[in-house]
Structures are given as structure tokens and as C-alpha cells.
Amino acid sequence: MRHLLSTKDLSREQAVSILDVAEDMAETQLREQKKLATLRGRTVVNLFFEDSTRTRISFEVAAKRLSADLINFSAKGSSVSKGESLKDTAQTLQALGADAVVIRHSSSGAAQNLADAGWINAPIINAGDGKHEHPTQALLDAFTMRRRVFGGNSRGVALDGLRVVIVGDLAHSRVARSNLWLLRTLGADVTFVAPETLVPFGARDWGANIVHDLDTAITEVEPSVVMMLRVQLERMQTSYFPSQQEYVRNWGLSDQRMQALPEDVVIMHPGPMNRGVEISSRAADSPNSSVLEQVSNGVSVRMAVLYMLTSGDRGEK
Ligand code: CP
């Protein structure tokens, strides 16, 4: 594994290996002294062309916990506003000594293009490209599911037979795509629930069951995990559903729907949440919710990815 661009590229062995290294990293984070010397002298660049809270900060925390030097680049306030290209920006960062580049971009394929172009030698980690992929989000989600469902010492375990229902704005969700590829590789069974207008073209060939009725899905599938997706209004140039009230009524995880879920279900959301739209506050804050655990686990998973890509241990068997 030279880069992490997509979960589609990961073998089952590589995926389980990343989750296992993340468990090792999580253990180190319980110590009083959380900092490891592993990446001392290496430089990690956070190259963010699109806004982020969780991903940018958790890569920052992960790099610092591994003792790497960190350069935080945000397109806002940079020479991108003067027209500087991705190539020149990347080569500038290479000249500054980047040993790993974490990139978020609004264009699908930006991370892949950066890797293919050969402008920089460093490993590239996709931190979200348009509506295409968000591989570290899917890895932290899988890590969270594995811990919640299979317990603390689940090293070596995949997600065979786990029933996961992913609900909402599939059309604009890189999280849904990365989760689907990874969950299938790990042996889970995925059901997508969305209005027809938010089912992406071609999605019926992706290997998930696709249904429109959330109430039927949560009672018939008896899911172990329900993942609610954010309605991404900023990516919608047209109306995909008649009104917000109708969306909430049909596809929102309301207090009432929560009662119909299995008692030990795990409720997930990648954040940021539209409370009262795709998820009620009661559901988001309930003991079943893993929303904040997902954020904490993101640090361990990103430490594992940075370590495996930049230290020479690439999880190859
Ligand atoms: N889940 C996620 O990618 O959140 P941010 O946009 O805040 O990074």
C-alpha cells in the first residue's frame, strides 16, 4: 500500500491489518504519555481545499501524537486564491519536505490525480474528494463497529455477517461509497435506504440492497448498525425531495423510529449532523449513538494509516 486513495483498493487482509494497528494505537492513547516517537523527523502536510472540522483536526492530532512535524495548509488564505494550481501547490509542499500528504478537495478524483501525476514522491492520503470517497472515515467507522459489536479485543476479526443499514443522501455521499466498498470487503451485508432521487446512477450494480422504505428496512433487516448520512444541501443545485418536513417524515431517524430499532443497535453518523433533519437529538445523544466515539476512534485510525504509509510498515502480508 503506497497511498490510501480509496477503500476499493484495500484487500481484506490490508483492511483488517489497518484496524489491528489502530487498536495498538488506541492502546497507546490510554497512557498518560500519549506521544510516540515513531514519526520524529517526518513532516505531514494537511492539504485542505474544502472545509473540515473532524478530519483535519484528527489528522493533526494523529500526526502530533506520532511526533511528526505538521504543516496545515488551507486553500482559504493561500496562494490558491491568486490562481496557483494544484500541481504548483503540491510541488511547493514537496520542496518544503513533505513525507506524507493528506488531501481534501471538492473535486472527485483529486487525490488519485495527485498520486498519478507523480508531482510529489510522498504517500497521499485521501481525506475526502468530492462525492467520490472518504477512506479514513470508512476505516474509522469499521473500527467503531468492530469494537461496539465484537468487543474490545477483536484483533484479526472482520465484520462477517454484520447487517448495516445506511440511510439518506447517497447521491452526494463519499462516506456511503467508501463504507460500502470496505464493509463488503470485510464481509458485512449493506442495505441502502434513500428516496429514489438520492440513489446515484449505477448504484444498483454496487452490491448493496437498495430500498426506499426506512420503517420496513429497520424492522425487516434487524440491523446491528444504522448509519445516518447528512443531507448535503451545499452540493444540491436542485430539489431532491418536496420539503424538509417530508424528508424528516420518511427518512429521518426520529425518536419514534428509534423505538423500533433493536435494543443494542449502533447508531452512527459521520458528522457534521443536521439535528432534527436526518437524525433527532435524542437519537444522536442516546447511549446507542457512537457519534463521538467515531471522532475519537478517528485519531487511532489516522495514526495507524500515517504510521503504515510513512514508516515502511505498509500492512503487506
Ligand atoms: N466526517 C467528516 O469528514 O467531517 P468533517 O467534514 O468535519 O471533516
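Domain bounds here come from an automatic or database domain assignment. This is a predicted model, so local features need pLDDT of at least 70 and side-chain atom pairs count only at pLDDT 80 or more, while totals for chains, interfaces and linings use all residues. Residues are numbered from 1 along each chain as its sequence is written, and side-chain values use heavy atoms, with hydrogens and water left out.

**View 1. The two domains.** The chain splits into domain 1 (7-134 + 295-310) and domain 2 (135-290). Taken over C-alpha atoms, their centres are 25 Å apart. Across the join, 34 residues of domain 1 touch 34 residues of domain 2 (contact means heavy atoms within 4.5 Å).

**View 2. The shell around the ligand.** Ser 52, Thr 53, Arg 54, Thr 55, Arg 104, His 134, Gln 137, Pro 270 and Gly 271 surround the ligand (near means a heavy atom within 4 Å). Sorted by class, that's one nonpolar, six polar and two charged residues, with Gly counted as polar, Pro as nonpolar and Arg as charged. The ligand lies between domain 1 and domain 2, because both give residues to its shell.

View 3. A polar contact is a pair of N or O atoms within 3.5 Å. A ligand oxygen sits 2.6 Å from a side-chain N or O atom of Ser 52. For the side chain of Arg 104, the distance from a ligand oxygen to an N or O atom is 2.9 Å.

Key
Polar contact = N/O pair within 3.5 Å; in protein donor to acceptor, adjacent residues only side chain to side chain.
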